[in-house]
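Let's take a walk through this protein, starting with a sheet and then stepping back to look at the whole chain. Have a look at the picture first.

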Amino acid sequence: MDKKAADLKNKGNEFFKSGNVHRAAEIFAQAEKADATDPVYPSNLSAALYETADYDGCAQAILRAWKLLQGNPSINPSLVVRLSSRLAKALCHGFRAKELLPSFLDVNGAEIAGLRNAGVEHSTKSSDKEELVRLWREWDMMIPELAKYVEASEVDLRRLAKLPLFFNPLDPTREFFSIGTDDVIDLMEGWGPGEAYSLKLDRLPPERLSDIALLFGGVGDGRHALGTLVGLHEAFQKLPKTKRTQFKAHLTLLDVHDATIARDVCILMLLHALTEASDATARAEIKATLTYTFCGAAMPSYCYKRLTSVIEDLRKRFTLDSPGLPDWLRVASDTITAILPTLDFWLTARKSTSRMLEGHEHMSPSDLPEAQMMSMLPGGNATLKKTLEEKEAEERAKIRQTLQEMSPESLAEWPLFTKDDSPEKMRAFVNDNMDKLIDMIYKEGKGGKLPLYEEAFYKGAKVFLPPKELMKRHPGFETAWKQIKSHTGMSQPVLRKVRTHIQTEWKPNITLFDTKCSDPRCYSDRDGYPDIKLDMFRTVTYFEQFNRRNTPNAQDLVRTDQHILASQVCGAFFEKAANALKGLAGHLTVELLCGGLSEELAKMQWGADVTRPKEFPRKYTRMWLSNVPDYTHGPLNVIIYAIPCLQDDPQAAIGFNSLLNTAVWAGDDEFFHTYTLLLPKEVPRYLGCRVISSRVVMDVCILGSQSVPRPLSELATRDELTTWLTRVLFNTFIPGHSKLRPHNVRCPHNLAAFFGLLFYLHRAGYPAHWLSDFLARVLSGRMLSDIAPYDDFWPMPVKERLRRVPARRVRTDPWLVDFEVMIASAYHAVPFPLTGALPADFSREPEDIQVWEATVQPAQYFSTAPLFNFSSPYDPRTQLLFYRASAATATRLIDDMGRIFEGKAEPAPGTFFILTMQEYVQYQECIRFKLSKKRVERMRKEDWYMMAYRPDTGQQGELYIRRPFISKT
């Protein structure tokens with residue numbers, strides 16, 4: 001034996017035992033090079049390469065070792081068995097991962113067969129022989145499928161992308177958030193005021209400058225897209241002329257609600273009209289229409305006419321094969337299909353202005369009934385309360401400083417003073433009433449706005465004043481405005497005149513309605529109205545701050561120009577947006593997409609977004625997700641589905657905030673742990689992405705991508721990964737409980753999301769055999785583990801990550817049918833072998849999986865009140881229980897599910913199962929789900945029943961029961 005090679009082997013063994021398999025592989029390769037005659041060296045190399053998931057290199061090294069062994073008279077039987085076993089596994093994993101192709105078998109078929117036979121021949125222990133036979137049998141089962149791993153994988157990935165990722169709510173009615181309440185964000189500058197993270201165009205290579213792609217998930221009213229549009233135009237103008245020719249930008253505006261997308265496309269078409277209008281009056285009307293559509297409850301008839309004209313035009317265009325939209329605007333065909341019912345509803349609904357305004361109220365956030373009730377609810381977090389108090393004190397201190405430093409000229413603008421008041425008198429008044437003024441400014445604007453004169457008008461009329469050039473069209477408005485500015489307030493006769501005009505000549509903002517307003521399940525008279533109770537000048541404030549962001553007074557905390565009208569502020573904002581559209585002509589595409597954020601990103605990742613043109617981006621430079629992660633399992637969902645759609649660039653990033661339940665979190669660690677079961681500092685090592693900022697509770701969470709696959713040395717160890725995956729899986733089987741709103745936490749991932757996590761981990765760099773072995777344990781129906789699910793109220797305490805129980809065998813069999821649907825749907829695309837681990841009754845054919853429908857009847861109706869409600873049908877908690885009538889009652893099964901998971905023997909496996917995936921759920925009508933045809937046929941013969949239920953409430957098992965048959969759709 002060559003001494004140098006032997007020393008290298010020993011050194012490599014040390015690295016291998018310590019877990020540094022990449023370094024071990026390098027050393028073993030040097031040993032083989034030093035002595036190419038000893039089969040031990042390529043054998044050791046193959047072991048290290050296998051652990052690094054280099055299955056091609058592993059197989060090649062095995063065959064080199066086998067070639068040397070064949071010519072060796074003193075053959076080592078145990079080495080032959082190890083090589084034979086490792087080759088079988090390397091072949092299975094290599095072909096599944098598409099590292100090995102059928103041509104490899106053509107070249108090496110004889111050597112593979114020889115080593116296979118030799119391994120069986122030299123097995124001296126019966127256990128070794130049985131395991132070796134099992135491994136090669138799994139390879140035999142894969143051989144007929146090899147071609148399909150290449151041919152059918154893309155189709156199967158598209159099927160995988162369409163699987164539902166979340167537990168469904170019992171009722172699919174969606175909340176419609178029409179008017180936003182947050183600052184305008186320009187993604188070119190960062191994530192909003194105080195969250196600078198500039199996108200430096202001059203640092204982008206030419207190919208990236210032509211591929212700037214920005215996605216707005218949960219786009220809402222589109223304010224961030226419009227702000228970014230303005231920012232793009234400003235950045236474009238600063239580029240050298242040579243770089244301008246290379247500049248291309250794509251904005252994707254995505255939202256789950258069809259009415260939101262319909263509303264946004266109307267706003268964009270109005271902006272387009274503004275770019276083309278030259279007549280001053282027409283431009284004033286268009287900007288007024290934009291203002292009232294964007295942030296008003298009602299609008300003048302001439303604005304309503306312009307709005308409905310846009311809706312009618314869109315309705316006609318969308319019936320054509322080619323809609324003929326502006327060159328920069330694109331709407332996918334399935335999005336058109338989704339929004340057409342909303343456009344039709346807006347054109348046909350007849351809504352009353354008086355009824356609309358009767359239920360509408362302009363309120364500051366602290367005056368909202370929901371905010372007052374939230375402050376009284378138990379469950380708030382003491383640490384967060386202290387943080388909020390400290391932040392409020394800081395903001396009040398800034399307001400005090402601003403008031404102290406205001407010039408006499410600025411003070412003279414206040415309605416409290418007259419032109420005859422001296423600077424000394426004004427300063428004395430401010431000093432004497434400092435605390436009251438600070439309180440007023442803080443409450444009105446949370447650190448940024450004094451009430452406008454117009455707010456006094458709004459509280460009486462409940463509409464914005466029209467632009468000054470259009471004011472004469474409205475009887476009483478000019479008089480009312482003069483009275484308010486003179487500090488006398490509107491007289492009752494003038495107010496009556498104004499209100500009469502509004503109720504007879506104005507129209508409701510129809511874009512604030514969605515189709516559920518005509519749904520008898522939501523409104524018995526089919527004539528619902530939105531409940532608009534919010535600070536209607538909040539958007540005006542944010543627009544005004546955005547408009548002056550590049551001016552010398554951009555950082556002023558207190559706005560003093562109280563004479564300004566909302567229509568002036570909004571008109572200036574929309575003017576900037578229209579100028580940007582015009583200035584970026586030929587360099588810009590704006591795409592509207594209706595769908596769930598995670599679902600649409602999964603389609604992009606796996607090639608299922610077939611209605612989008614091929615040239616559209618599948619990877620983005622920046623994404624702003626608002627607080628969508630509050631509803632979609634937080635950062636874990638963002639990492640699985642959004643990070644793979646991020647460009648591999650240091651400046652590429654994803655930002656989001658948390659608004660649904662801010663008061664519930666002890667801090668950022670608890671936020672991350674509840675959703676990911678990891679601390680923020682652990683996320684890069686377990687999930688292979690960057691955590692740029694984890695300050696999500698009070699600020700913004702920012703995540704970034706890294707090149708993948710990551711080196712195995714930078715990832716979690718196999719034991720760490722197995723432990724974490726077990727925690728994620730068990731907490732999907734037996735989810736925790738949510739507190740009363742507004743302290744409710746949503747963790748809606750179902751088993752399809754867990755399956756997607758396995759795909760993500762393979763992409764991140766984890767060896768396929770780690771994932772395959774883990775899933776094989778799950779599919780066996782039982783797992784030995786010392787990990788227990790968290791069966792308590794969310795948030796999940798950070799200390800839970802360390803909790804262990806005595807090891808016991810838990811049951812996984814109740815949830816395996818979900819895995820059958822997932823595996824069969826994506827069988828040829830799964831990047832690791834499962835053939836030998838599949839239960840005997842599992843289908844492997846995608847064509848065998850079909851959608852089925854069950855007509856249902858409710859056993860109970862649910863409260864739709866937003867607060868103090870444990871039985872809301874809108875929380876994503878639905879599971880489907882299928883059971884054989886002779887096995888047990890549904891109530892017993894549901895009540896016992898935790899004990900069954902813990903190993904209770906009865907009911908026996910195969911007599912019941914749980915589906916966490918549902919295609920559609922409406923608890924008063926029908927439920928749709930996927931199952932294999934063969935399984936349904938067996939269930940029909942065996943008298944099976946179905947029940948849908950919420951596992952987290954006292955109403956378990958009381959939702960609906962259906963006769964024991966299922967009808968195919």
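In what order do the eight strands of the open sheet line up? They run S4-S8-S2-S1-S9-S10-S12-S11, and the pairing is mixed. At the edges sit strand S4 (329-331) and strand S11 (690-694), each of which pairs on one side only. From one strand to the next, the twist averages 15°.

A few ground rules before we go on. This is a predicted model, where local features need pLDDT of at least 70 and side-chain atom pairs count only at pLDDT 80 or more, while totals for chains, interfaces and linings use all residues. Residues are numbered from 1 along each chain as its sequence is written, and side-chain values use heavy atoms, leaving out hydrogens and water. Helices (H or I, at least four residues) and strands (E, at least two) are DSSP runs, numbered from the N terminus. Two strands pair if DSSP finds at least two bridges between them.

| Strands | Sense | Bridges | Residues standing opposite |
|---|---|---|---|
| S1 (residues 212-217) and S2 (residues 249-255) | parallel | six bridges | Ala213 and His250 |
| S11 (690-694) and S12 (residues 701-704) | antiparallel | four bridges | Ser694 and Cys701 |

S11 and S12 also form a hairpin, with six residues between them.

Helix H16 (residues 333-348) lies across S4 and strand S8 (588-594), at about 55° to S8. Helix H28 (residues 597-605) lies across S1, S2, S8 and strand S9 (622-624), running at about 150° to S1. For these angles, axes are lines fitted to C-alpha atoms (for helices, over the stretch in contact), and the angles run from 0 to 180 degrees between N-to-C directions. Contact here means heavy atoms within 4.5 Å.

Time to zoom out. The protein has 38 helices and 22 strands. Its radius of gyration is 32 Å, close to the 30 Å that the globule rule gives for 969 residues, so the protein is as compact as a globular protein of that length. That radius is taken over C-alpha atoms, and the rule is 2.2 Å times the number of residues to the power 0.38. Along its principal axes, the C-alpha trace spans about 115 × 65 × 60 Å.

How much of the protein is buried? Of the 969 residues, 57% count as buried, meaning under 20% relative accessible area with a 1.4 Å probe, protein chains only.

Methods:
Buried < 20%, exposed > 50% of the residue type's maximum accessible area, 1.4 Å probe, protein only.
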